[in-house]
Amino acid sequence: MLPSLTELIAARNLLASYISPTPQYPWPLLCEAFGGTLWMKHENHLPTGAFKLRGGLVYCAELKARGAAKNGIVTATRGNHGQSIAYAAGKNGLSATIVVPEGNSAEKNAAMRALGAELIVTGHDFQAASEYAEALAQERNAHKVPAFHHQLIAGVASYTLELFEAAGELDAVFVPIGMGSGASAVAAARNALGLRTRIIGVVSAHATAYAEGFRSGTVCERPVSTQLADGLACRATDPQALAILRRELDDILCVSDTEVAAAMRLIFSSTHNVAEGAGAAALAGAIQVRGRYAGRRVGVVLTGGNVDSAVFARVLQPDIF
């Protein structure tokens with residue numbers, strides 16, 4: 001079950017003591033490229049540079065209120081979830097250990113350390129890191145923070161409330177899918193407000209587990225080969241998340257690294273904002289199907305701007321991606 005309007009308002013009220021609402025704009029050049037009115041929600045403007053912070057703050061505040069996690073918290077991440085938990089743990093007097101896979105973003109790793117987290121690098125991908133984190137939490141009798149949870153959704157949904165308040169009811173919202181909390185949060189806010197907005201999820205064409213699970217209804221694993229959208233690099237679907245996405249989403253699109261890179265360049269040239277690969281995926285999806293939405297009003301979520309500088313330098317050279 002998705003969070004109710006009462007839960008969403010409570011989460012939003014809690015977040016008001018930590019963060020300010022992020023902006024959303026119908027940038028003229030993006031609207032021109034899309035062929036309709038396109039509102040971009042700027043979650044890259046949060047203190048950690050990504051939307052996950054909202055869920056982490058709600059989750060850790062609840063842990064503190066219960067007096068839980070006295071032995072600290074442990075979680076696994078590719079970066080933005082980890083920064084969220086590290087930041088929120090610090091605000092709530094909790095110690096945090098973050099497990100990341102080998103080859104993870106150097107700059108995201110540095111940010112998590114700077115936020116006070118113990119960082120452990122192990123495993124060949126996110127799922128392997130998550131399994132290690134689970135074992136470590138049991139060994140330390142610590143609290144394992146999942147990548148998908150009811151309270152994470154309630155916190156994240158606050159960005160959708162902000163978007164709908166500013167833009168009104170939209171024909172569609174495009175949102176990237178990593179482990180599913182962002183897309184589920186859009187659905188929670190839409191349903192709570194009684195809107196008819198279509199929700200279009202976007203995954204990497206090089207990490208298709210959720211797209212294939214959405215179509216087949218089967219929990220599955222698929223290989224991951226994306227070189228750019230690390231926030232979408234999920235090998236396996238979460239059963240609870242998949243059930244919600246199949247019930248609430250209208251479609252899931254797959255975008256290639258080439259399409260994501262083009263969207264990153266378009267965001268930079270049109271708005272002078274920096275988007276990481278996963279953060280630009282929603283725009284890549286909207287551009288892919290813009291013919292279906294000509295003249296319509298849509299929203300896209302720029303979920304984060306935490307791209308390594310060397311990677312972004314390569315993206316700005318169109319002949320590389």
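1. Helix H3 (52–66) passes helix H4 (residues 80–91) in a right-handed crossing, where right-handed means that the near helix is turned clockwise from the far one by less than a right angle, and left-handed that it is turned anticlockwise. The two pack at an angle of about 40 degrees with their axes 8 Å apart, which makes H3 oblique to H4. Axes here are lines fitted to C-alpha atoms, for helices over the stretch in contact, and angles run from 0 to 180 degrees between N-to-C directions; angles under 35 degrees count as roughly parallel, over 145 as roughly antiparallel, 65 to 115 as roughly perpendicular and the rest as oblique.

2. On the basis of the model: it is predicted, with local features requiring pLDDT of at least 70 and side-chain atom pairs pLDDT 80 or more, while totals for chains, interfaces and linings use all residues. Residues are numbered from 1 along each chain as its sequence is written, and side-chain values use heavy atoms, leaving out hydrogens and water.

3. At the H3–H4 contact (heavy atoms within 4.5 Å), Lys52, Leu53, Gly56, Leu57 and Cys60 of H3 meet a set of H4 residues that includes Asn80, Ser84, Tyr87 and Lys91. Helices (H or I, at least four residues) and strands (E, at least two) are DSSP runs, numbered from the N terminus.

4. Ten of the twelve residues of H4 are buried, so this helix is largely enclosed by the rest of the structure; buried means under 20% relative accessible area, with a 1.4 Å probe and protein chains only. Besides H3, the buried residues of H4 pack against strand E3 (73–76), strand E4 (96–100), helix H5 (106–114) and H7. Gly93, which follows H4, has a positive phi near 70 degrees.

5. The largest nonpolar core has 76 residues, of which Ile73, Ile98, Ile177, Tyr210 and Leu249 touch the most other members. Helix H7 (residues 150–167) contributes the most to this core, with ten residues. Such a core is a set of buried Ala, Val, Leu, Ile, Met, Phe, Trp, Tyr and Cys residues joined through side-chain atoms within 4.5 Å. Neighbours within four places in sequence aside, Leu249 is in contact with Ile177, Ala183, Ile199, Gly201 and Phe214.

6. H8 passes H10 in a left-handed crossing, and Ala183, Ser184, Ala187, Arg190 and Asn191 in H8 meet Ile244, Leu245 and Glu248 in H10.

Definitions and conventions. Buried < 20%, exposed > 50% of the residue type's maximum accessible area, 1.4 Å probe, protein only.
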